[in-house]
Amino acid sequence: MVAMMRLGTDWAPCNSSLVTTVIRDEWGFTGYTLTDFCGMTVWPFSNFAKAVLAGTDCLLSTESQDDFDNTLKKVESVPNSWDAALHKASKNILYMVANSSAMYTDAHSGKDREDNVRVEDMVPTEEAAE
């Protein structure tokens, strides 16, 4: 979970140096990043569009549909960046779910299912390519 604070003048989820450079590039994190609150009417600096463009994947929001729509109109001026950011966020969320125990264990017993095939077993590795 991305911190609910500011880093300098940026809200932490909007800071690409934190969300992308440190978390993903330096630490090698492959899951998805989440912030627990995004409400621009309450905290105007908590802009979900800037957060997604910076690399935050999921935001729990208190925005009304009108506020959400107004923000989307502002980011339509950079459609390629916005589309790429949403694609990457979706990929990160789906990667986490596909590689979690939710996909491979029985919900009641907690034991591995017999029919499980892990995603990493289907994706070719550098070793397999050689």
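In which helix does Phe 68 lie? I found Phe 68 in helix H3, residues 65-75.

**Entry 1. Basis.** I worked from a predicted model, in which local features need pLDDT of at least 70 and side-chain atom pairs count only at pLDDT 80 or more, while totals for chains, interfaces and linings use all residues. Residues are numbered from 1 along each chain as its sequence is written, and side-chain values use heavy atoms, with hydrogens and water left out.

**Entry 2. Phe 68.** I took helices (H or I, at least four residues) and strands (E, at least two) as DSSP runs numbered from the N terminus. For burial I used relative accessible area: buried is under 20%, exposed is over 50%, and partly exposed is in between (1.4 Å probe, protein chains only). With a relative accessible area of 32%, Phe 68 is partly exposed.

**Entry 3. The whole chain.** I noted seven helices and four strands. Their order along the sequence is β-β-α-β-α-β-α-α-α-α-α. Of the 130 residues in the chain, 29% are buried. I then looked up contacts (heavy atoms within 4.5 Å). Among those between residues at least 6 apart in sequence, 53% join residues at least 24 apart. The chain exposes about 8700 Å², and carbon and sulfur atoms supply 55% of that area; the method is Shrake-Rupley with a 1.4 Å probe, and for residues only the protein chains shown count as cover.

**Entry 4. Helix H1.** I examined H1, residues 16-26, where Val 19, Ile 23 and Arg 24 are buried. These residues lie on the same side of H1 because they cover an arc of only 80 degrees around the axis, the arc being that of the directions from the helix axis to the C-beta atoms. Asp 25 and Glu 26 are exposed on the other side of H1. At the start of the helix, I recorded a side-chain oxygen of Asn 15 within 3.0 Å of the backbone nitrogen of Ser 17. Just after H1, Gly 28 has a positive phi of about 75 degrees.

**Entry 5. Two threonines.** Thr 33 is in the loop between H1 and S3 and is buried at 4% relative accessibility. Leaving aside neighbours within four places in sequence, I listed its contacts, among them Val 19, Ile 23, Arg 24 and Asp 57. Thr 35 is part of strand S3, residues 34-38, and is buried at 0% relative accessibility.

**Entry 6. Salt bridge.** I searched the whole structure for salt bridges (a side-chain nitrogen of Lys or Arg within 4 Å of a carboxyl oxygen of Asp or Glu). The search finds one. It joins the side chains of Arg 24 and Asp 57, at 2.6 Å from N to O. The pair links distant parts of the chain, 33 residues apart: Arg 24 is in helix H1, and Asp 57 is in the loop between helix H2 (48-54) and strand S4 (58-61). Arg 24 is buried at a relative accessible area of 12%, and Asp 57 is buried at 9% relative accessibility.

**Entry 7. Cysteines.** How many disulfides are there? I counted zero, taking a disulfide as a pair of cysteine sulfur atoms within 2.5 Å. Cys 14 is buried, with a relative accessible area of 15%, whereas Cys 58 is partly exposed at 21% relative accessibility.

Notes
A polar contact is a pair of N or O atoms within 3.5 Å; within protein, one must be able to donate a hydrogen and the other to accept it, and residues adjacent in sequence count only if both atoms are side-chain atoms.
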